[in-house]
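I set out to record the charged side-chain contacts of this model, and then one of its sheets. My entries follow.

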Amino acid sequence: MDASGNANPSGKWDLIVIGGGIVGCSAAFYAARSGLRVLLAERDTPGSAQSGRNLGFVRQQGRDFRELPLAMASLRLWNGLEKDIGRSVGWFRGGNIVLAVNDGDMAHQADWQAKAKDFGLDTELLTPAEVAGKLPFLSENAGVRGAMFTASDGRAEPGRATRALFEAAVEAGISVILGGSVKRFDVQAGRIHGIWIDGRLYRADTVLCAAGTGSGRLLRSVGYDLPQEKIRATVARSVPLPDLAIDPCVSLPHTGLRQDV
């Protein structure tokens with residue numbers, strides 16, 4: 001790895017990836033493994049933003065149906081990812097459960113589950129007794145009316161997974177720029193041909209923007225409208241609880257729960 005991005009003497013790559021989150025690192029890895037010359041540009045360190053601070057749910061359940069096929073294909077990759085890259089990502093396939101606490105929740109879950117059947121997804125609706133069987137630590141007074149459960153969903157450790165993919169991409173031969181913020185795209189004849197970082201041009205046949213919340217700003221500068229909604233959330237880590245085993249990821253109306261492996 002050449003941190004300055006000079007590993008390629010020609011100064012041109014097949015693919016430049018902007019952003020060292022899990023999308024950018026995985027794209028760089030698979031592209032490099034397929035034989036492309038790849039440059040990854042990250043303004044900080046891999047996984048330093050949302051990819052290292054999220055809930056860690058790897059789910060198909062509850063997705064917009066326009067993205068559900070992509071989520072299902074993603075799960076197939078996750079199932080073999082640790083073997084594929086030779087590193088731990090904290091992967092555990094324990095399912096995903098969303099609790100229903102009122103009639104509105106139950107109606108929404110029934111509607112989503114019925115439509116998900118058309119995609120071949122294994123989502124099922126649970127009774128309060130079945131919920132108690134999967135989550136015995138829940139209080140009887142929790143007000144749970146039922147739940148939606150997808151056994152094929154799983155979880156991973158966000159920072160660990162992103163770093164593992166970054167290291168695998170480096171081993172696959174990518175070049176890397178860390179600590180350099182992309183200021184603008186290089187546009188010629190109406191097409192993007194590279195990026196500018198600290199006054200230097202890096203050229204590529206293809207540029208992939210995976211800059212997270214910064215993607216909208218960058219893309220607007222070249223006429224692309226990428227609608228983005230920024231949602232603030234708090235993630236906290238507890239001390240280890242060896243006597244408590246929670247297999248599925250758990251979603252409540254205003255919070256979520258996941259146990260590390």
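I searched the whole structure for salt bridges (a side-chain nitrogen of Lys or Arg within 4 Å of a carboxyl oxygen of Asp or Glu) and found 13. The model is predicted, so I note that local features need pLDDT of at least 70 and side-chain atom pairs count only at pLDDT 80 or more, while totals for chains, interfaces and linings use all residues. Residues are numbered from 1 along each chain as its sequence is written, and side-chain values use heavy atoms, with hydrogens and water left out.

Entry 1. I looked up Lys 12 and found its side chain in a salt bridge with that of Asp 205, at 3.0 Å from N to O. This pair links distant parts of the chain, 193 residues apart: Lys 12 belongs to strand E1 (residues 12–18) and Asp 205 to strand E11 (residues 200–209). Helices (H or I, at least four residues) and strands (E, at least two) are DSSP runs, numbered from the N terminus. For accessibility I took buried as under 20% relative accessible area, exposed as over 50%, and partly exposed as in between (1.4 Å probe, protein chains only). Lys 12 is partly exposed at 28%, and Asp 205 is partly exposed at 42%.

Entry 2. Lys 115 and Asp 111 both lie in helix H3 (residues 103–116), four residues apart, which is about one turn of the helix. Their side chains form a salt bridge of 3.3 Å, N to O. Lys 115 has a relative accessible area of 41% and Asp 111 one of 40%.

Entry 3. Which residue forms a salt bridge with Arg 258? I found Glu 157, with the closest N and O atoms 2.3 Å apart. Arg 258 is partly exposed at 22%, whereas Glu 157 is buried at 6%.

Entry 4. I also noted a network of salt bridges that links Arg 87, Arg 163, Glu 167 and Glu 171.

Entry 5. Finally, I traced an open sheet of five strands, in the order E5-E6-E4-E12-E13, with mixed pairing. Strand E5 (123–126) and E13 stand at the edges with a single partner strand each, so one side of each has no neighbour in the sheet. Two strands pair if DSSP finds at least two bridges between them; E5 and strand E6 (residues 146–150) pair in the antiparallel sense over four bridges. Thr 123 has Thr 150 in E6 as its bridge partner.
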